[in-house]
Amino acid sequence: MNEQAYKEYGISEDVIELANKSEKEIEPIFKNIDDICEYNTIKVLKAFQDNNISDMHFGSTTGYGYGDVGRLATEKVFAQVLNAEDSLVRGQFISGTHALTVTLFALLRPGDTLLSITGKPYDTLDEVIGIVDNPSSLKSFNVNYEQIDLVNDDFDYEKIQKRLEKGKVKVIELQRSKGYSIRKSIGIEQVQKVIDSIRQVDKDVIIMIDNCYCEFVGKKEPLEVGADIIVGSLIKNLGGGISPNGAYVAGRKDLINLVAERLTAPGEGKEVGPTLGITKSILQGLFMAPSVVASSLKTAVFASRCLEKLGLEVSPKFDEERADIVQTINFNDEKKLVKYCQGIQMGSPVDSSSIPEPWDMPGYTDKVIMAAGAFTQGSSIELSCDGPIRPPYTAFMQGGLTYHYGKIGVMKAIQNML
Ligand SMILES: *Cc1c(COP(=O)(O)O)cnc(C)c1O
């Protein structure tokens with residue numbers, strides 16, 4: 001229908017046809033995404049209304065940030081949406097990695113053991129945990145680390161129970177999204193199943209979930225199925241593309257208190273933290289988040305179908321249930337991976353003429369190519385695509401503030417790759 005406009009935009013007839021065909025096939029999937037979006041929108045609206053969000057909460061504090069009513073209300077709204085006793089929603093968290101780090105350091109003491117039950121955690125945690133040496137790691141403070149790998153993309157339930165029966169695990173870390181590994185992301189039913197299995201043998205171990213990329217993908221969040229504490233970034237799902245930075249931690253009140261005292265200072269905890277004018281953006285971002293997550297999901301489903309039709313290996317497939325907004329594409333070819341990522345950049349609203357090249361990013365082991373023409377630097381709820389330069393040359397694509405833009409971006413990338 002917009003064929004002429006697409007052609008003038010540099011998209012060829014075959015790519016337009018591929019897009020049209022794919023879009024027809026994914027219609028029923030979109031219906032389901034819209035249903036989830038509607039559900040989460042009700043959840044968010046109710047939290048705003050129950051907490052009487054008003055203009056006064058969009059104000060700002062500087063300095064220590066004592067008595068910031070906007071911050072207080074924001075943390076109540078996030079807590080309600082995530083079914084948490086309490087939450088910390090702060091611009092003082094520099095990233096998701098920082099929030100995960102603060103949480104781990106808050107919960108663990110020398111001699112304690114951290115157990116990851118989803119294999120090796122996200123690359124940026126290597127130096128935090130001490131998997132890669134760092135004089136400031138948890139390991140340097142004598143915190144032990146153990147991991148149990150997934151088996152066929154599911155938990156090793158028996159091994160986890162056996163390990164817990166031996167005792168002395170303080171924190172279990174579970175990462176839902178696949179990160180930069182080749183595995184499936186973990187759905188909420190699986191989270192529930194493993195938590196039930198953990199609780200059969202251990203009532204006390206703290207279950208912490210790296211929830212990055214998973215919020216609002218379904219109707220339930222991990223605290224609703226028994227997790228103790230969850231962590232995520234505000235330049236991903238819950239920021240709705242509006243939050244300028246920050247991250248959240250939500251869960252049990254006593255644990256949130258420990259995290260707050262680690263983030264600020266023992267004795268100060270949650271009471272300090274100036275909002276510096278970002279509260280309105282954080283709240284507006286949360287308000288937008290269900291819809292932005294839906295757009296990202298639709299973009300991922302569209303890409304999955306198109307690229308599968310081109311003979312590439314994709315995960316998830318277009319009609320598979322999704323646990324996060326990430327779409328992986330195996331190019332099995334360094335050049336194609338780079339071209340696809342560069343195409344995503346060329347189709348971006350911002351920095352469309354700065355073409356990315358693979359580089360040594362701090363915190364990552366391999367060279368990485370990152371495409372993100374985003375309004376917010378590093379934001380990956382905006383259409384972005386990155387891949388570590390190692391076989392099988394997999395692109396990890398996510399985000400899309402609007403579906404129409406996401407679709408056009410994917411078409412541009414396919415065009416550039418072909
Ligand atoms: C993005 C991400 C992180 C880290 O978040 P940053 O904000 O990039 O530091 C951690 N874990 C997972 C699974 C992620 O997707």
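In the predicted model, the buried residues of helix H9 pack against strand S1, helix H5 (96-107), strand S5 (206-210), strand S6 (229-233) and strand S7. Helix H9 spans residues 253-263, and its buried residues include Leu-255, Ile-256, Val-259, Ala-260 and Leu-263. Viewed down the axis of H9, these buried positions fall within an arc of 140°, and they therefore line one face of the helix.

Strand S1, one of the elements against which H9 packs, comprises residues 86-90; five of its five residues are buried, so the strand is largely enclosed by the rest of the structure. In a regular strand, side chains alternate between the two faces of the sheet. In S1, Asp-86, Leu-88 and Arg-90 point one way, while Ser-87 and Val-89 point the other way, and all are buried. Strand S1 runs antiparallel to strand S7 (residues 247-251), to which it is joined by five bridges. Within this pairing, Asp-86 stands opposite Gly-251 of S7.

Aromatic contacts were examined next. The count of aromatic pairs comes to eight. In one of these, the ring centres of Phe-48 and Phe-287 are 6.4 Å apart and the planes meet at 65°; because planes over 60 degrees apart count as edge-to-face, the pair is assigned to that class. The two residues are 239 residues apart and link distant parts of the chain, with Phe-48 in helix H3 (residues 27-50) and Phe-287 in helix H10 (residues 279-309). Phe-48 is buried, with a relative accessible area of 14%, whereas Phe-287 counts as partly exposed at 41% relative accessibility. A further pair is formed by Phe-78 and Tyr-248, whose ring centres are 6.4 Å apart and whose planes lie at 40°, so that this pair is tilted. Phe-78 belongs to helix H4 (residues 69-82) and Tyr-248 to strand S7, and the pair therefore ties together parts that are 170 residues apart in sequence. Phe-78 is buried, with a relative accessible area of 1%, and Tyr-248 likewise counts as buried, at 0% relative accessibility.

The charged end of Lys-236 sits over the ring of Tyr-213, at 4.1 Å from the ring centre. Lys-412 lies over the face of Tyr-9, 4.3 Å from the centre of that ring.

The contact between them takes 41 residues from domain 1 and 36 residues from domain 2.

Gln-415 was considered as an individual position. This residue lies in helix H12 (residues 403-417) and counts as partly exposed, at 22% relative accessibility. When neighbours within four places in sequence are left aside, Gln-415 is in contact with Gly-10, Ile-11, Ser-12 and Val-15. Gln-415 and Val-191 are 224 residues apart in sequence, and their C-alpha atoms are 38 Å apart in space.

Note on methods
Residues numbered from 1 in each chain as written. Predicted model: local features only at pLDDT ≥ 70, side-chain atom pairs only at ≥ 80, totals over all residues. Heavy atoms only, no water. Buried < 20%, exposed > 50% of the residue type's maximum accessible area, 1.4 Å probe, protein only. Helix = DSSP H or I, 4+ residues; strand = E, 2+ residues; numbered from the N terminus. Pairing = 2+ DSSP bridges. Phe/Tyr/Trp six-rings, centres within 6.5 Å; stacked < 30°, edge-to-face > 60°. Lys NZ or Arg CZ within 6 Å of the ring centre and 35° of its normal. Arc of directions from axis to C-beta. Contact = heavy atoms within 4.5 Å.
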